[in-house]
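Dear colleague,

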Amino acid sequence: MKKAMFFGILASFFFAFTFLLNRSMNLSGGYWLWSAGLRYIFMLPMLGLLLAVSPGRRLGPVMGAIREKPWQWLAWSTVGFGLFYMPLTLASVYGESWLTAASWQLTIVAGVLLAPLFGQRIPGKNLAMSCVILVGVLLLQWRNLSAGAGAGLIALIPIIIAAFAYPLGNRKMMALCPPEMDAIERVFGMTLCSMPFWVVACIVAYCRAGWPTGGQALQSVGVALFSGVIATVLFFHATDLVKADQRRLAAVEAAQCGEVVFTLLGGVLVLGDALPDAAGFIGLALIVGGMIANSLLAGRSRD
């Protein structure tokens, strides 16, 4: 269990690079649309190489599954990756890195509310814990919201869109993929099928801002490598170690709240982000507590 928790916490550390590097690129003048598109363009060859060197994983079955249902793959990959990551990157323009990371936990609330679309009832206890997270996000965003309704909504709306698009697209893809396809194969296929969306995004970025700087391209490689590949592999490895014990699995899943803490520390110490105010710290505590409670409830429901 200690080993699994170590890998789970380490994964949350690398996931934090998404928010830190996006904020860094924004502060250095990088156009946010380049930051979004370059991540997935750089992820594609990395994931392809990972498939090539990983025992038991093959490119052929992935391509075969895509050829069977190409339009569904294109549509839900675009929702799950494009309509998730583009708004999330845009949100980094409007606030500190920790603000985006913590507000992103709204995806837990979205996941609960989407249950009826997949033939499931909304679980009451999970909904209650999700409301705790929602209150935490509102407290965290209070400084933005109190600054003016327009500015506050501009900061929050992209995160809300991303929070619903990510679980919707990924759950649809999980139902679409054959059962023998593992998560890394699915992520590679979704990355490949989201490429038309990202190519168009990069063309728009070029028309509006010209080519990205070398620094922005390098930091985008970092996001793709640290968050898109390393964090994902570490997290899957951590869950594999405890997959036979649902309570331990829930604890490893809860360890992902560490990304909020790591992003806060990195944002303040490295990027010079402002610390949360008193309401913000209360909001952070509610978000982390709600995430842990949600994971523990999920563990009990699977016993």
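Two residues are said to be in contact, or to touch, when they have heavy atoms within 4.5 Å. Please bear in mind that this is a predicted model, in which local features need pLDDT of at least 70 and side-chain atom pairs count only at pLDDT 80 or more, while totals for chains, interfaces and linings use all residues. Residues are numbered from 1 along each chain as its sequence is written, and side-chain values use heavy atoms, with hydrogens and water left out.

Of its 303 residues, 50% are buried; buried means under 20% relative accessible area, exposed means over 50%, and partly exposed lies in between, with a 1.4 Å probe and protein chains only. Among the contacts with a separation of 6 or more, 87% join residues 24 or more positions apart.

If residues up to four places away in sequence are not counted, Y40 touches F81, F84, Y85, T191, S194, M195 and W198.

Helix 4 (residues 70-91) and helix 11 (residues 195-209) have axes that come within 8 Å and cross at roughly 40°; such axes are lines fitted to C-alpha atoms, for helices over the stretch in contact, and the angles run from 0 to 180 degrees between N-to-C directions. Helix 4 is therefore oblique to helix 11, since angles under 35 degrees count as roughly parallel, over 145 as roughly antiparallel, 65 to 115 as roughly perpendicular and the rest as oblique. On the side of helix 4 the contact is made by L74, T78, F81, G82, L83, Y85 and M86, and on the side of helix 11 by P196, F197, W198 and A201.

Turning to the aromatic rings, a search of the whole structure finds 18 aromatic pairs. Rings of Phe, Tyr and Trp (its six-membered ring) pair if their centres lie within 6.5 Å, and planes under 30 degrees apart count as stacked, over 60 as edge-to-face and the rest as tilted. F6 and F7 form an edge-to-face pair, at 5.6 Å centre to centre with 65° between the planes. W34 and W211 form a stacked pair, at 6.2 Å centre to centre with 25° between the planes. This second pair links distant parts of the chain, 177 residues apart, with W34 in helix 2 and W211 in the loop between helix 11 and helix 12 (214-241). W34 is buried at 5% relative accessibility, whereas W211 is exposed, with a relative accessible area of 64%. Ring pairs also link Y40, F81, F84, Y85, W104, Y166, F197 and W198 into a cluster.

Lastly, L113 lies in helix 6 (residues 106-113) and is partly exposed at 38% relative accessibility. Leaving aside neighbours within four places in sequence, L113 is in contact with I122, L127 and F164.

With kind regards

Conventions
Helices (H or I, at least four residues) and strands (E, at least two) are DSSP runs, numbered from the N terminus.
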